[in-house]
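User: I'm new to this one and would like to learn how to read it. Could you walk me through it?

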Amino acid sequence: MKVLVPVKRVIDYQVKVRVKPDQTGVDLANVKMSMNPFCEIAVEEAVRLKEKNAATEIVVVSIGPQAAQETLRTALAMGADRGIHIVTDDIVEPLAVAKLLKGVVEAEQPGLVILGKQAIDDDSNQTGQMLAALLGWPQATFASKVELAPDAATVTREVDGGLQTLRLALPAIVTTDLRLNEPRYASLPNIMKAKKKEIAAKAPADFGVSTAPRLKVVKVTEPPKRQAGIKVKSVQELVDKLKNEAGVL
Amino acid sequence: MPLDAETRPIFLDTLRRFVAETLIPLERQVAETDEVPEAVWAQMRELGLFGLTVPEAHGGMGLCMEDEVRAVFELARASPAFRSVVGTNLGIGSQGLVMFGTPLQQARWLSGIASGAIVTAFALTEAEAGSDSAAVTTRARREGAGWVLNGAKRYITNADRAHLFTVMARTGEAPGARGISAFLVPAGLPGLQIGPPERKMGQQGAHICEVWFDDVLVPDDALLGAEGAGFRVAMATLEKGRLHIAALCVGAASRILEEAVAWARTRIQFGRPIIEHQLVAGMLAESQAELLAGRAMVLEAARARDAGAPIPLEASAAKLFCSEMVGRVADRAVQVFGGAGYVADTGIERWYRDVRIFRIYEGTSEIQKLVIARELARAPQPSFNS
Ligand SMILES: Cc1cc2nc3c(=O)[nH]c(=O)nc-3n(C[C@H](O)[C@H](O)[C@H](O)COP(=O)(O)OP(=O)(O)OC[C@H]3O[C@@H](n4cnc5c(N)ncnc54)[C@H](O)[C@@H]3O)c2cc1C
């Protein structure tokens, strides 16, 4: 079975982001970029499925600027077989991403698409769901466990208050949660071998999809600074403040 | 072979993440237990770290010197004990084989060295042969179709883990360097004995031991390079080794400085972060400038070597400057931390002890000066053409 894994290049999770002075967005100049951690988990899951002989080929796809090729190379070094790079400098919104991925799915005919549940830059948490709707495929989001049979997938999902287990007919869409697995480091020899793997370059127009934005960012602001706490001298004072100032008692 | 522009950042990034996420959180445990956990050895094998400098034909990555030092800049950001795990395989333990091994010797050992299945050690130093390494008295005498080794080595890194020793032993009557040959000696041979790890100032987790040879019989093809050419084998690996150590000092200094800066920005005395007190700022600025100078020396020498230039002077100068530099950077870091730099919790006093050895092994600072001066006497112009 072929598995398709979309991967997104985002600001590295360790970077402390800064909002641009004009509040139009986040400052990306000279900021370290990496593969979205949830996408990394998706790649890892696909590689494990291949190692268990449940998958035969892993295709990774990224939509983004030239530099997104590095993200694809990282996925190839982790164990994916080949890449597709849909090159665009635009900011592509989840719906356009889902439409492009639909085009890739129609061309590649995978039995399973594994996506990160969300990207840590805009936290939209929409692409997997939209793709499932566009394709009319079943979906299991926030997966913490995936088991694959030839015609069905059994997916454990993390939901409020517990775990839910779904059985989906294939082909299907799965989005990954944090606890699905712990991604491996690409081994250094595999990083070198990855450069010999194929990456096909495409354009949004090849799929007849417009990436023109439909949403307008009005303003981006930093979260309010945490106020300093106060020290109380006695339990009495604490109870008094909880009652009369915080109003929680 | 140099990494291409696309592969290099992925490679260095992976290494940096491994160091930050896996090695640095274990530093204190390793120092306290004097043991790098088995799981870390395994992870380093999986990552391919043992084979960075072994040619691709033998399963390694065959990094050029510039990529090697860049990798070391990253690896050395964690306690040097971790680097020591792979250090011998990257340098003195493998490069003699790469440069002087017969195809048969290379085929037998290098792929295991690259994968980390074989850990190597390099046995030159003896009780009476330290800086004066040509004074070795360990002997190898011909017997039948092989050689019999007798003698004692000391301070041998990774001896207690090693599967293969490169041993320098005297084979001829010629005095000094000319009578020395290099031998590939597998561990576990009858008569080969390893002492307990020495107790030392720093780098707990990395072990050095004495190694005794009592009528150790090795076959004829254990000879590495020509008979009597052992010292040349040793010295050829040293040029590369010195640059490697210099890179190690740069990586360590960058980590130590980062810690000191982070501390100075948050520690408040007299109402403001101490980094705003000029005498503290001055220490940090000096460390930063010296660190950049050392880094530039290492990179320039590495590029010159990759271009085919002999760099004995540049390698020794880089080793001398960078090992002294990291000593000063660590010393200032203790000062910036104040009492917290002397107390064990912050790890700064550990760094201070850990980096002290860099001025001693693979040639002391004094020996580096002698090498530099000897080269100056030969060709009074250092090469600035790279
Ligand atoms: C942690 C550690 C790991 C090591 N790993 C290895 C290893 O894997 N394999 C190995 O073979 N060896 C190893 N060594 C040995 C190391 O290389 C030697 O300790 C080093 O070369 C110095 O030799 P020495 O200790 O005998 O000091 P000495 O040579 O006795 O030096 C003492 C002092 O005299 C100075 N001095 C000596 N000669 C001169 C001179 N001509 N002019 C000016 N000053 C001089 C020195 O600079 C030094 O300051 C290791 C040592 C340590 C501590």
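**Reading the ligand site and the interfaces**

Analyst: Let's begin with a polar contact, meaning a pair of N or O atoms within 3.5 Å; within protein, one must be able to donate a hydrogen and the other to accept it, and residues adjacent in sequence count only if both atoms are side-chain atoms. Here, a nitrogen atom of the ligand sits 2.9 Å from a backbone N or O atom of B:Tyr155. This is a predicted model, where local features need pLDDT of at least 70 and side-chain atom pairs count only at pLDDT 80 or more, while totals for chains, interfaces and linings use all residues. Residues are numbered from 1 along each chain as its sequence is written, chains are lettered from A and ligands numbered from 1 in the order in which they are written, and side-chain values use heavy atoms, with hydrogens and water left out.

User: Which polar side-chain atom lies 2.6 Å from an oxygen atom of the ligand?

Analyst: That one belongs to B:Glu366. In the side chain of B:Thr157, an N or O atom is 2.8 Å from a nitrogen atom of the ligand.

User: How many residues surround the ligand?

Analyst: A residue is near a molecule if one of its heavy atoms lies within 4 Å of it. By that rule 16 residues surround the ligand, and B:Phe122, B:Thr125, B:Ser131, B:Thr364 and B:Glu366 are the closest. β3(B) gives the largest share of the shell, three residues.

User: Where does the ligand lie relative to the domains of chain B?

Analyst: Domain bounds come from an automatic or database domain assignment. For chain B it gives domain 1 (7-115), domain 2 (120-226) and domain 3 (232-378). Domains 2 and 3 of chain B both give residues to the shell, so the ligand lies between them.

User: And how do I read an interface?

Analyst: The size of an interface is often given as the accessible area lost when the parts come together. Buried area is that loss for two parts, with a 1.4 Å probe, summed over both. Chain A and chain B bury about 1800 Å² between them, 61% of it on carbon and sulfur atoms. On the chain A side, A:Tyr185, A:Leu188 and A:Met192 lose the most area to chain B, together 42% of what that side buries.

User: What about domain 1 and domain 2 of chain B?

Analyst: Contact means heavy atoms within 4.5 Å. In chain B, 24 residues of domain 1 are in contact with 19 residues of domain 2.

Conventions. Helices (H or I, at least four residues) and strands (E, at least two) are DSSP runs, numbered from the N terminus.
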